[in-house]
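Here are a few exercises to work through with the model open beside you. Try each task before you read its solution.

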Amino acid sequence: MKISLNWLKELVDFNLTTKELAEKLSLVSIGIKQQTLDFLELDLTYNRGDLLSLQGVAREVSAITGSKLLFSPPDEKDYPWTGKDLPETPVRVEEQNLCPVYCIATIENLKVEQSPESWVKRLSDCGMRTVNNIADVTNLIMLQYGQPMHAFDAAKVAKQTLIVRCAQKGEKLITLDGKRRDLNQSDLLIADPKNSLGLAGVMGGKDSEVSNSSTKVLLEAAIFDPVVIRKTSKRHGLNSEASKRFQHGLTKANLLQALSLAIKMYEGLGGKLTAISLVGNLKDEPKIITLTQEKINSLMGVNIPANQVELSLQSLGFSLASQGEAWEATVPYFRQDLNIEEDLIEEVARMYGYENIEGEKLIAEKIPDLDQSLPQFIYDLKVKLKGVGLTEVQTYSFYSTAVLEALEFTKEAKLSAVKIANPISSETEYLRMDLWPNLLEVVGKNLRKGFKDIAIFEIGKVYKQENGQPKETDRLSIALMNDSDNPLEELYQLAQSLSLHLKGVNLNPDSFHPKRKTNGMAEVHLRLLNKLGIEKRVAVMEFLL
Amino acid sequence: MLKLALMDVKIRKINQDYQGQISQATALKELDKIFLELFGKSGLVDQLSKQFKTLPKDQLKTVGPLFNQVKMKLEEAIRVKREGVRENIYKSLENEKFTLQPSRLTHKREGHLHLATKFKQEIIDLFAKLGFEQFDAPHIEWDKYNFEYLNIPKDHPSKDMWDTLYIDTANLKVDPGQLLLRTHTSNFWPRLMEKGKTPIRAMSFDRCFRYEAVDARHSHTFNQFEIAVVGKDITMANLRFLSDYLLQGILGKEAKSRFRPKYYPFVEPGVGIDCLCVFCHGTGCKICSGTGWFEIAGAGMIHPNVFKATGLDPKIYTGLAWGFGPDRMLMLKHNIEDIRYFLEGDLKFLEKY
């Protein structure tokens with residue numbers, strides 16, 4: 001996420017240069033992708049959903065720099081709907097599990113105009129474009145609070161009634177980007193009694209978009225199930241700013257604050273709140289985690305004084321009840337990523353500074369032995385092969401299309417090969433079943449580069465299906481092209497001199513010289529070599545390890 | 001008109017002559033020669049087409065198609081003949097003998113180990129001194145060892161951190177999506193932990209896979225090196241020691257690294273390890289995007305959920321893990337500009353090391 005620096009300064013009074021701030025954040029909080037005069041781009045991770053908002057970043061900056069926050073959460077009695085006897089906006093949530101909170105505010109008397117310069121600048125510093133004043137409010141609120149919002153044009157919503165439901169079979173929707181989407185029954189939708197209006201939490205529909213003539217909007221602030229949002233956004237290839245935030249999970253306290261400010265911003269534009277529905281349980285469950293001094297010290301390997309632990313956690317927004325050598329820590333509502341004691345220890349550790357943790361040797365202790373014979377054997381074998389003049393190559397674990405073609409990879413072979421369900425291209429569709437075909441490809445490449453003598457080996461895994469299960473085995477393969485018309489002679493002697501005592505694999509007769517073959521080694525059939533663009537004779541061997 | 005007639009005759013003659021030569025050829029070399037005479041640089045075809053420039057447009061309309069037709073016919077004739085000659089050669093293989101003459105001496109050559117093998121051994125030896133032993137896990141892996149046991153549940157957004165190649169299970173007795181090409185060597189620790197033989201001090205240097213298009217800096221197939229330690233009092237301070245031990249062991253005593261928080265689902269606390277840029281020594285350059293540091297490794301204290309999933313009690317045990325990409329490190333060390341060199345078998349490259 002891009003964080004507008006000017007906006008951030010309005011939220012927290014930090015006294016650092018941008019460079020210093022970027023350095024501090026990357027050492028204590030989160031990586032920085034990019035810094036410019038106007039913004040810092042955070043390298044967001046899947047835990048810190050709170051940092052998908054300006055306020056969240058401001059809180060973090062305040063905690064790690066000891067600077068003052070310039071905003072505080074509004075009092076509930078200042079919410080625009082508190083104490084007013086407003087009618088309800090008609091809403092029906094059919095999928096309460098997938099939509100635990102659904103709030104809709106009806107706002108009238110609006111006029112669509114361009115946004116003021118200051119809004120446009122905020123948006124552009126955060127990497128978003130201005131649309132119009134009505135839509136911009138929803139985006140500004142999302143950036144500030146991390147709570148996505150959506151404004152429906154009330155005139156285009158049948159009976160001005162919103163329904164949260166799953167899509168029906170065969171249902172279609174044109175999304176804001178103009179694309180016609182075939183919906184799946186597990187897509188969560190916002191609909192009116194007649195039509196679907198948008199993919200919940202992912203993207204609104206074209207038909208209910210705010211237009212220049214809109215004067216009345218239905219403003220939505222909701223919490224949707226992260227997994228449903230993730231599936232829908234993946235299925236439709238729509239990774240929107242909103243869907244990202246729904247996937248991280250949202251909090252109710254934050255939602256109400258965001259909704260309150262959004263309504264106030266609309267009121268500032270001359271709008272009037274005329275109805276509202278707040279559906280669902282609006283209270284966050286507080287999380288209390290027990291943290292012990294002993295666990296902190298034993299996981300970090302550092303003795304941190306109790307008061308330092310307390311200061312660190314308090315500055316991050318925890319409230320603590322001390323109980324001897326332990327604390328009952330109440331997690332601030334905006335930190336959904338903290339669930340276990342170790343999570344809190346990370347908080348303590350980063351406030352202490354990872355950099356300040358001194359290295360300490362492992363204690364000597366008796367470790368149960370692991371069998372080292374195979375890796376040792378493989379390394380010794382490699383050294384031995386090098387010793388007789390072979391060069392080690394390592395090739396991809398796949399068969400390239402050139403190899404597949406040369407092998408005339410039959411239907412039968414395909415059935416016993418291990419196949420990739422989602423190959424990147426046809427070059428990664430089948431895992432190799434032998435090593436030697438890949439070595440031939442290497443021989444061909446180097447012949448074309450002018451090599452006149454090629455003696456190479458690979459030790460690696462091959463893969464195939466066996467009894468309905470995939471199986472991988474270690475192999476050794478050698479390929480020799482010595483510019484003679486009978487390279488098997490030399491390969492055979494080479495193998496003899498190594499006294500390998502390994503079992504040769506079965507070589508498919510179709511791929512090899514009709515006469516020149518012996519246990520696990522053979523001259524490759526010229527037809528196959530020719531197909532790979534090789535005009536020279538090549539002998540290969542392949543052994544099981 | 002005369003010019004046109006001449007050209008026409010010329011083309012027909014070339015066709016006749018060479019079709020004859022092609023049909024009589026018995027060896028690939030002869031065909032190669034014919035091909036060169038016709039289609040080589042300043043071969044007959046090339047010469048003829050140059051003469052076309054002097055022809056008026058309407059004449060070109062007549063002679064052009066004839067020329068193209070002859071050209072195609074000759075090419076086809078050479079191709080067919082070549083196949084015929086090859087088939088004869090293939091047949092004659094039956095008459096070749098299987099001989100293994102012990103008198104012939106083998107060539108003297110200088111052998112080479114792959115640079116990744118040498119680097120692997122260097123690191124393995126370094127950690128063997130601290131009592132670490134190798135433990136390799138399969139390349140084709142179950143989702144549970146690659147993800148689920150590592151605290152990456154199904155449908156969790158963190159799964160997007162790994163673009164995964166899945167195994168087609170159509171012919172296997174396995175549910176779709178259950179088997180994949182492991183995306184990291186980290187699958188070795190749940191496999192080892194579930195054996196329950198503690199303490200653990202293990203390492204693996206092995207191949208991993210990602211759904212990633214290949215270019216100079218990315219590959220779908222790459223190496224990782226990873227260590228895992230499990231015991232009763234394993235700490236972040238131990239992690240710091242091991243991290244410095246490795247980086248100084250391979251980059252030299254002056255190598256400087258730093259720890260910072262980093263999220264990986266399978267560790268808590270999670271650590272990102274930056275190395276002082278070896279090119280600019282921290283002043284900031286293109287290679288480190290001006291920061292003076294580049295990210296080199298990921299690490300952390302093994303997450304309690306990994307212990308629980310593998311049947312170990314996180315109240316009794318703690319553990320650490322540290323991993324990095326040796327290919328990237330080798331590229332930095334030896335100034336190798338293209339990751340494809342590692343697996344594409346260019347002998348000129350491999351013989352340098």
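**Exercise 1: a phenylalanine in a loop**

Phe71(A) is placed in the loop that runs between strand S5 (68-69) and strand S6 (91-93) of chain A; strands are DSSP runs of E with at least two residues, helices are runs of H or I with at least four, and both are numbered from the N terminus. Before going on, note that this is a predicted model, where local features need pLDDT of at least 70, side-chain atom pairs count only at pLDDT 80 or more, and totals for chains, interfaces and linings use all residues. Residues are numbered from 1 along each chain as its sequence is written, while chains are lettered from A and ligands numbered from 1 in the order in which they are written.

Task: work out whether Phe71(A) is buried, exposed or partly exposed, and what it touches.

- Step 1. Take the cut-offs: 20 or more other C-beta atoms within 10 Å means buried, 12 or fewer means exposed, in between is partly exposed, with C-beta atoms placed from the backbone.
- Step 2. Phe71(A) has 14 C-beta neighbours inside 10 Å, so it counts as partly exposed.
- Step 3. Setting aside neighbours within four places in sequence, Phe71(A) is in contact with Leu11(A) and Gln55(A) (contact: C-beta atoms, placed from the backbone, within 7 Å).

**Exercise 2: two helices**

Task: describe how H6(A) and H7(A) pack.

- Step 1. Helix H6 (residues 226-235) and helix H7 (residues 241-248) of chain A have axes 7 Å apart, at an angle of about 145 degrees. Axes are lines fitted to C-alpha atoms over the stretch in contact, and angles run from 0 to 180 degrees between N-to-C directions.
- Step 2. From H6(A), Pro226(A), Ile229(A), Arg230(A) and Ser233(A) meet Ser243(A), Phe246(A) and Gln247(A) of H7(A).
- Step 3. Sort that contact by type and you get three nonpolar, three polar and one charged (nonpolar: Ala, Val, Leu, Ile, Met, Phe, Trp, Tyr, Cys and Pro; charged: Asp, Glu, Lys and Arg; polar: the others, Gly among them).

Terms used
Contact = placed C-beta atoms within 7 Å.
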